Amino acid sequence: IREPIRSRLLVEKLRRLMQIGRLIDAAAEDTIAGGAGSTFALGDFVRVLGVLDSLAGRLGVKLGLAVIGPTDPAVDPELLAIQRSRTQELVCRHTRGSDVAAWIGEADLALIAFDMTAEEIDKLVHRLSRLDSAEPTATEGAGLSAGTAELDLDRFPWAGDPGMARAADRAERIAALARIAEAQAALRSARQAGGGIRAAETH
């Protein structure tokens, strides 16, 4: 953080670091469960990300990342459950079999899209948002917002040493969760602005 230190930026950085910590703990303990369809538990989701990232690196393609959720998440648990169900149904119905998703919070669904740039993931989220608004059962305040990014993890060399391999695997998982937390922060900013799609900060 560069001086002079701005309190708003400091609070946002600390909030993001705390969210990364929560995601690391949740992934390690599998405390965020999966749902119906192709929605993974968070721990499984992070393990799959390592495979997808390795494959994307070999093929020279990108992984698109979006954290998607209702623009105005309901406080009432029953309404929130309806919003979650709508978000999950849209994502599972209108994404490809190679795309993977997992809940990372009460109302936030992380989606990794194979071979998609940041621009293409933006288009996908716009399409999902239009489909959500067009649903005949859409309620007042319906609509999706998102934070988007490309997920491009650095591969850590481990030269056949099992201890180094474990350390590299952990470093890659933390890097992935950090990027997901950045996209989630972009979603939070979009919500505060009344909705829409925001790109995560570059890292």
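## Basis of the model

The model is predicted: local features need pLDDT of at least 70, side-chain atom pairs count only at pLDDT 80 or more, and totals for chains, interfaces and linings use all residues. Residues are numbered from 1 along each chain as its sequence is written, and side-chain values use heavy atoms, with hydrogens and water left out.

Helices (H or I, at least four residues) and strands (E, at least two) are DSSP runs, numbered from the N terminus. Burial follows relative accessible area: buried is under 20%, exposed is over 50%, and partly exposed lies in between (1.4 Å probe, protein chains only).

## The sheet

Six strands form an open sheet with mixed pairing. Their order is β1-β3-β4-β2-β5-β6. The edge strands are β1 (39-40) and β6, and each pairs on one side only. Two strands count as paired if DSSP finds at least two bridges between them.

## Strand β5

Strand β5 covers residues 144-151. Seven of its eight residues are buried, so the strand is largely enclosed by the rest of the structure. In a regular strand the side chains alternate between the two faces of the sheet.

What pairs with β5 in the antiparallel sense? Strand β2 (residues 63-70) does, over eight bridges. G69 stands opposite S145 of β5. Strand β6 (residues 197-199) runs parallel to β5, and three bridges join the two. T148 has A199 of β6 as its bridge partner.

## Salt bridges

The whole structure holds six salt bridges. The criterion is a side-chain nitrogen of Lys or Arg within 4 Å of a carboxyl oxygen of Asp or Glu. Side chains of opposite charge can pair when their charged atoms come close.

One of the six joins K62 and E150, with the closest N and O atoms 3.8 Å apart. K62 lies in the loop between α2 (42-59) and β2, and E150 lies in strand β5, so the pair ties together parts that are 88 residues apart in sequence. K62 is partly exposed, at 33% relative accessibility. E150 is also partly exposed, at 22%.

R96 bridges to D99, and their closest N and O atoms are 2.8 Å apart. R96 is partly exposed at 37% relative accessibility, whereas D99 is buried at 4%.

D108 pairs with R191, with the closest N and O atoms at 2.9 Å. D108 sits in the loop between β3 (100-103) and β4 (109-114), and R191 sits in helix α5 (residues 162-192), so this pair ties together parts that are 83 residues apart in sequence. D108 is buried, with a relative accessible area of 9%.

## Nonpolar cores

A nonpolar core is a set of buried Ala, Val, Leu, Ile, Met, Phe, Trp, Tyr and Cys residues joined through side-chain atoms within 4.5 Å. The largest one has 31 residues. Within this core, L42, F45, I112, L177 and I180 have the most contacts. Helices α1 (7-29), α2 and α5 and strands β2, β3, β4 and β5 each supply at least two of its residues. Helix α5 gives the most, with eight. A second, separate core has 16 residues, including I68, A113, V125 and L144.

Strand β4 also holds A110. A110 is buried, at 0% relative accessibility. The C-alpha atoms of A110 and Q184 are 8.3 Å apart, although 74 residues separate the two along the chain.

Helix α1 has 23 residues. From its first C-alpha to its last it reaches 33 Å, close to the 33 Å expected at 1.5 Å a residue. That expected span is 1.5 Å times one less than the number of residues.

Which residues of α1 are buried? They are E12, R16, Q19, I20, L23, I24, A26 and A27. An α-helix has 3.6 residues a turn, so residues three or four places apart point the same way.

L17 is in helix α1 as well, but L17 is exposed, at 56% relative accessibility. I5, L10, L14 and L17 form a nonpolar patch on the surface, with about 370 Å² of accessible area together. Such a patch takes nonpolar side chains (Val, Leu, Ile, Met, Phe, Trp, Tyr) joined within 5 Å, from residues with over 30% relative accessible area and no salt bridge; like charges are joined within 9 Å. Accessible areas come from the Shrake-Rupley method with a 1.4 Å probe; for residues, only the protein chains shown count as cover.
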